Amino acid sequence: STYRIASIPGDGIGVDVTAEARRVLDRAGELHGFRLEWTEFDWSCECYLATGSMMPDDGIEQLRPFDGILLGAVGFPGVPDHVSLWGLLIPIRRAFAQYVNLRPVRLLPGTRSVLAGREADELEMVIVRENTEGEYSQIGGRHNSGQPGEFAVQQSIFTRTGVERIIRFAFELARTRTGRVTSATKSNGIIHTMPFWDEVFAEVAAEYPDVHSEQTHIDALAARMVQHPDRLDVVVGSNLFGDILSDLAAAVTGGLGMAPSGNVNPPGEFPSMFEAVHGSAPDIAGQGIANPVAQILAGAMMLDHLGETAAAAAVRTAVERALSAGEVATPDLGGKSTTTELGAAVASAIT
Ligand code: NAI
Ligand code: MG
């Protein structure tokens with residue numbers, strides 16, 4: 001079979017790591033009997049500087065017919081981050097109801113966890129981040145600019161539909177894993193939205209008596225993720241909390257260069273979008289040394305989503321083989337290899 005995939009490499013290292021993910025996915029297709037038909041879109045900060053928009057007005061319509069979207073990263077110095085985020089990433093997530101941001105992390109061989117010495121299977125968890133509402137809202141504003149009483153207001157929106165469906169997704173996922181869900185809250189300090197989140201969590205939890213559920217304040221949860229990550233499996237959080245926790249989870253399991261993510265529309269009504277957790281890394285952009293593993297693993301998540309589960313598993317195994325051979329490692333993993341060398345090593349390790 002053939003899948004139509006939209007590729008949006010974006011800015012900085014997004015371009016380099018997306019090229020390697022494509023190489024690996026194409027190889028997986030050759031070996032597993034399917035073809036990926038790529039269409040590349042040059043939507044980026046460069047595009048913004050030239051045209052005044054991150055993507056064309058009909059960008060969403062252009063993406064709609066695809067079976068999947070592979071996104072590099074957007075953001076570059078000279079363009080404010082809220083412009084790149086709200087001009088491309090957030091509109092895509094919302095237009096296609098990609099309400100689940102799935103961010104699995106796992107300690108892989110050859111990587112440098114800040115928790116070195118742990119068993120690999122102790123460090124495997126998935127952050128389920130709400131992806132369409134919450135703290136990422138356009139409601140609010142700036143007032144009394146330049147005056148002594150200057151202030152800014154930012155509203156959060158938590159709908160019953162939005163909160164319930166992300167929490168339910170986490171419980172369903174836990175049933176396929178260790179049967180454990182931890183909810184990130186802050187209902188002691190945030191007194192409207194978070195108690196509501198907790199209430200919905202308790203209601204949904206009651207429908208899953210076979211799943212162990214608990215809630216922890218986000219601050220304590222952050223500490224726990226560093227000190228006892230082995231006691232976490234599925235962690236569900238709002239848009240902001242889930243974002244922060246996923247970078248932290250990535251850091252404890254080998255760094256941002258290793259962490260993939262999927263912006264998923266669970267009914268499959270619209271295309272889902274896969275990307276690394278990391279951004280465009282301007283500090284190392286253009287040097288050819290970014291770790292492509294996160295983006296390659298994001299590609300494996302896309303294969304799973306397309307139903308090519310054997311090929312997805314083969315890509316993950318190839319990543320482990322390439323890393324455990326110890327011959328190729330990018331600088332973030334303590335080595336001297338380039339992005340291309342690591343990508344090529346993964347591609348040739350696929351069976
Ligand atoms: P970042 O994730 O780009 O970089 C943070 C640090 O991790 C940097 O030191 C970087 O060199 C390192 N790093 C990240 N990925 C790496 C990789 N694959 N290999 C080796 N090292 C890696 O986050 P930062 O610096 O906060 O953001 C940079 C730009 O990216 C900003 O414009 C931001 O808005 C954007 N961004 C875009 C995202 C997206 O498109 N989904 C997500 C996060 C940030
Ligand atoms: Mg983030």
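Which helix supplies the largest share of the shell around ligand 1? It's H4, with three residues; helices here are DSSP runs of H or I with at least four residues, strands are E runs with at least two, and both are numbered from the N terminus. H1 and H4 each supply at least two residues of that shell. Of the 22 residues around the ligand, Gly75, Gly257, His278, Gly279 and Asn291 come nearest, where near means a C-beta atom, placed from the backbone, within 6 Å. By class, the shell splits into eleven nonpolar, seven polar and four charged residues. Nonpolar covers Ala, Val, Leu, Ile, Met, Phe, Trp, Tyr, Cys and Pro, charged covers Asp, Glu, Lys and Arg, and the others, Gly among them, count as polar.

All of this comes from a predicted model, in which local features need pLDDT of at least 70, side-chain atom pairs count only at pLDDT 80 or more, and totals for chains, interfaces and linings use all residues. Residues are numbered from 1 along each chain as its sequence is written, while chains are lettered from A and ligands numbered from 1 in the order in which they are written. The average pLDDT (the predictor's confidence in each residue, from 0 to 100) is 94, and 97% of the residues score at least 70. The ipTM is 0.98 and the pTM 0.94.

On the domain level, an automatic or database assignment gives domain 1 (1–98 + 259–351) and domain 2 (113–253). Their C-alpha centres sit 24 Å apart. Nine residues of domain 1 touch seven of domain 2, contact being C-beta atoms, placed from the backbone, within 7 Å. H4 (residues 81–95) turns up again, giving the most to the domain 1 side with three residues.

As for the strands, S1 (residues 2–10) and S2 (residues 35–40) run parallel, joined by six bridges; pairing takes at least two DSSP bridges. Thr2 stands opposite Arg35 in S2.

Note on methods: Contact = placed C-beta atoms within 7 Å.
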